[in-house]
2 protein chains.
Amino acid sequence: MSALRNSKQRDAVLRNLSERYDHPTAEDVYLSLKKEMPSISLATVYRNLKLLESEGLILKITTDDSDRFDGHTHEHYHFTCRDCKRVLDLELRDGTDVNNLTKDFGGTITSHSLMFFGICPDCKVL
Amino acid sequence: MSALRNSKQRDAVLRNLSERYDHPTAEDVYLSLKKEMPSISLATVYRNLKLLESEGLILKITTDDSDRFDGHTHEHYHFTCRDCKRVLDLELRDGTDVNNLTKDFGGTITSHSLMFFGICPDCKVL
DNA sequence: GTCTTATTGATAACGATTATCATTATCATG
DNA sequence: CATGATAATGATAATCGTTATCAATAAGAC
């Protein structure tokens with residue numbers, strides 16, 4: 001199983017994500033890194049985002065729009081704006097009253113979705 | 001504001017979704033409807049899925065894989081299998097002990113994501 | 001029945017992501 | 001160090017889910 005090697009590009013992707021809180025798309029990361037590393041390729045960004053996600057170092061946020069990435073992996077939740085499509089952090093601390101969430105947040109929350117991931121009963125036995 | 005007209009195709013899409021619990025993709029619905037309505041077009045299925053979702057009659061479930069649809073709009077949650085990619089219902093009743101969810105469910109839950117939707121503070125004032 | 005126009009079916013176009021492949025860089029080894 | 005194996009890259013073609021286009025059809029108000 002192919003050992004990982006160091007790569008300036010991968011480091012740059014990870015660092016970029018750890019420094020920002022705006023949940024960028026792959027292209028956002030690419031455009032941002034191009035400034036300091038003009039030769040970087042969009043394919044390399046995609047590749048490393050996938051790799052870093054599989055390593056658990058970043059999170060992929062699947063939205064109606066395009067996929068977004070989060071370099072901060074502590075447990076927290078997200079909000080997507082129906083208008084501007086931005087993704088914002090929503091920290092849900094112990095004791096947070098979900099009914100007051102809208103008020104505390106400032107925006108308007110109209111719905112939510114909760115998705116669980118794992119292995120289904122069928123695949124578990126195979 | 002163009003009034004909606006009746007359409008056999010739209011009715012068929014809605015009926016198809018209300019009769020199944022497997023969270024089909026647009027293509028799944030298309031292939032299923034083609035049996036009883038051979039002339040239906042994939043574009044028509046996509047169009048009506050989007051329309052029905054905007055009317056609140058069905059739910060769109062965005063996954064890493066492709067979008068899936070649910071004709072049952074009561075509040076409930078979903079599980080995606082990392083292996084087979086299927087989407088299963090997960091009813092979370094009052095009093096459900098989330099810590100026992102894995103046991104009750106039969107599969108293995110390794111993570112989850114919670115997304116809120118609405119209008120962000122910035123867009124709210126515009 | 002007639003007219004307006006919402007809806008359809010067929011297909012081209014689009015856009016995000018992935019695959020391909022020759023070249024380059026990493027790094028264990030001699 | 002120099003070298004060889006191969007992971008990683010950059011450039012770009014290919015893929016695939018979804019949307020746009022447009023002429024033909026059908027709903028339904030009159």
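This is a predicted model: local features need pLDDT of at least 70, side-chain atom pairs count only at pLDDT 80 or more; totals for chains, interfaces and linings use all residues.
Residues are numbered from 1 along each chain as its sequence is written, and chains are lettered from A in the order in which they are written. Local features need pLDDT of at least 70, side-chain atom pairs count only at pLDDT 80 or more, and totals for chains, interfaces and linings use all residues, while side-chain values use heavy atoms, without hydrogens and water.

Next comes strand β3 of chain A, residues 77–81. Strands (E, at least two residues) and helices (H or I, at least four) are DSSP runs numbered from the N terminus. In β3(A), 5 of the 5 residues are buried, meaning under 20% relative accessible area with a 1.4 Å probe, protein chains only. In a regular strand the side chains alternate between the two faces of the sheet. A:Tyr77, A:Phe79 and A:Cys81 point one way from β3(A), and A:His78 and A:Thr80 point the other way.

Strands pair if DSSP finds at least two bridges between them. β3(A) runs antiparallel to β4 (residues 87–90) of chain A, joined by 4 bridges, and A:Thr80 has A:Val87 as its bridge partner. The two strands form a hairpin with 5 residues between them, where A:Lys85 in the turn has a positive phi of about 70°. β3(A) also pairs in the parallel sense with β5 (residues 108–119) of chain B, over 4 bridges. There A:Phe79 stands opposite B:Phe116.

The last topic is DNA strand C. It is surrounded by 23 residues, each with a heavy atom within 4 Å of it; A:Arg5, A:Tyr46, B:Arg5, B:Ser7 and B:Thr44 are the closest. Of the DNA atoms within 4 Å of the protein, 68% belong to sugar or phosphate and the rest to bases. The side chain of B:Arg10 has an N or O atom 2.8 Å from a phosphate oxygen, and that of B:Arg47 has one 2.8 Å from a base nitrogen.

How values were computed: A polar contact is a pair of N or O atoms within 3.5 Å; within protein, one must be able to donate a hydrogen and the other to accept it, and residues adjacent in sequence count only if both atoms are side-chain atoms. Buried means under 20% relative accessible area, exposed over 50%, partly exposed in between (1.4 Å probe, protein chains only).
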